[in-house]
Amino acid sequence: MADHAHAGHDHSGHDHKGHHHHGPTLASVDAPRWLWVALGMNLAIMVVEIIVGLIANSTALLTDAAHVVTDALAIGLALAAITVARRPAKGGYTYGFGRVEILSAQLNGTLLLALGAILGVGSFLRLLDPPQVDGSLVIVASIFGLVGNGAAAWALTRASRRSMAVEGAFQHALLDAIASVAAIIAGVVIVAGGPDAADPLLALLVTALMLRSGWQVLGSSLRVLLERAPSDTNPDEVYAALKEHVGVVAVRDLHVWVVTDGFPAVTAHIEVAVGDDCHARRAELQTLMHEQFSIDHVTFQVDHTGTHSGNPCQNGHGNARLQ
């Protein structure tokens with residue numbers, strides 16, 4: 001692939017004045033109502049679990065309550081991101097503010113990792129010297145938490161999990177539901193006469209899941225910030241599809257990336273045979289990107305081979321640099 005060069009590219013032919021629609025990103029989903037519902041549920045759960053956790057001396061319950069705090073922060077970040085992301089593209093922000101949701105996901109992932117590490121250490125220390133736990137109180141509070149966390153997770157699915165920020169908040173709520181189940185199990189074990197160590201042991205399991213989820217959320221958002229190709233799109237396949245298209249002589253400076261979640265883009269310098277209709281080829285290749293890869297934000301610079309961008313062809317068959 002000698003002509004498959006990943007170098008800089010010229011966007012000067014791209015018209016940023018129009019209004020683009022890029023799928024169900026955070027700016028376009030009707031999410032705030034459901035996010036507020038989830039936030040209210042989380043605040044109620046947090047208050048109950050902190051009070052009962054302190055009274056029952058339960059590490060598992062307090063671990064869940066601490067995680068609920070990050071849930072509330074995650075939802076708050078998502079709500080703030082919606083407000084900013086809905087601002088129209090203007091001035092120097094020609095792509096708009098959609099990447100605010102990626103920053104929100106980064107913060108959510110970081111919160112999960114930090115909290116998981118802190119709670120993991122605390123749970124391990126309590127495992128070495130397990131406190132006496134009131135299992136019955138743990139069961140009652142955890143059932144309340146499970147119902148609330150399950151309802152919050154459901155509300156977040158209504159808000160659109162295709163938004164990366166909402167997905168981050170959903171992962172928080174899902175982990176809380178799992179933590180509630182773990183606390184219920186710990187309470188049942190203790191009530192049945194089992195060891196008090198069951199409580200911090202299950203808390204450790206929850207923190208392990210928290211670390212895993214945080215890493216996934218952080219990794220997904222980092223791929224967008226590093227402008228990696230969409231997870232379901234192979235740049236080599238894009239290159240091959242362009243290169244094999246009728247009339248295409250060479251494909252150079254190919255870039256496939258994600259501007260923000262749900263907004264894939266591709267740019268390339270295409271060379272066609274001398275005398276070929278550059279504009280017609282450009283339109284065909286744009287259609288190809290839509291039909292084969294579901295990419296609609298396409299910017300191709302199309303020239304006759306050997307002419308380069310500084311010497312456009314004439315008579316309607318020349319340099320085609322429009323989207």
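His255 has its bridge partner in β2, and that partner is Thr267. Keep in mind that the structure on the screen is a predicted model.

The strands around that pair are β1, residues 248-260, and β2, residues 263-272. They run antiparallel, and 9 bridges join them. How many residues sit between the strands of this hairpin? There are 2, and Gly262 takes a positive phi near 85 degrees there. As for burial, β1 is mostly covered, with 11 of its 13 residues buried.

One is Glu227, with a phi of about 55 degrees. Its place is the loop that connects α6, residues 198-225, with α7, residues 235-243. Glu227 counts as partly exposed because its relative accessibility is 43%, and that class lies between the 20% and 50% cut-offs.

The other is Ser294, also not a glycine, with a positive phi of about 55 degrees. Look for Ser294 in the loop between α8, residues 278-293, and β3, residues 297-304. Is Ser294 buried or exposed? Its relative accessibility is 55%, so Ser294 counts as exposed.

Last, a serine in a helix. Ser123 belongs to α3, which covers residues 100-128. Ser123 has a relative accessibility of 1% and therefore counts as buried. What is Ser123 in contact with, leaving aside neighbours within four places in sequence? The list is Thr59, Thr63, Pro200, Ala203 and Leu204.

Terms used:
Residues are numbered from 1 along each chain as its sequence is written. This is a predicted model: local features need pLDDT of at least 70, side-chain atom pairs count only at pLDDT 80 or more; totals for chains, interfaces and linings use all residues. Side-chain values use heavy atoms; hydrogens and water are left out. Helices (H or I, at least four residues) and strands (E, at least two) are DSSP runs, numbered from the N terminus. Buried means under 20% relative accessible area, exposed over 50%, partly exposed in between (1.4 Å probe, protein chains only). Contact means heavy atoms within 4.5 Å. Two strands pair if DSSP finds at least two bridges between them.
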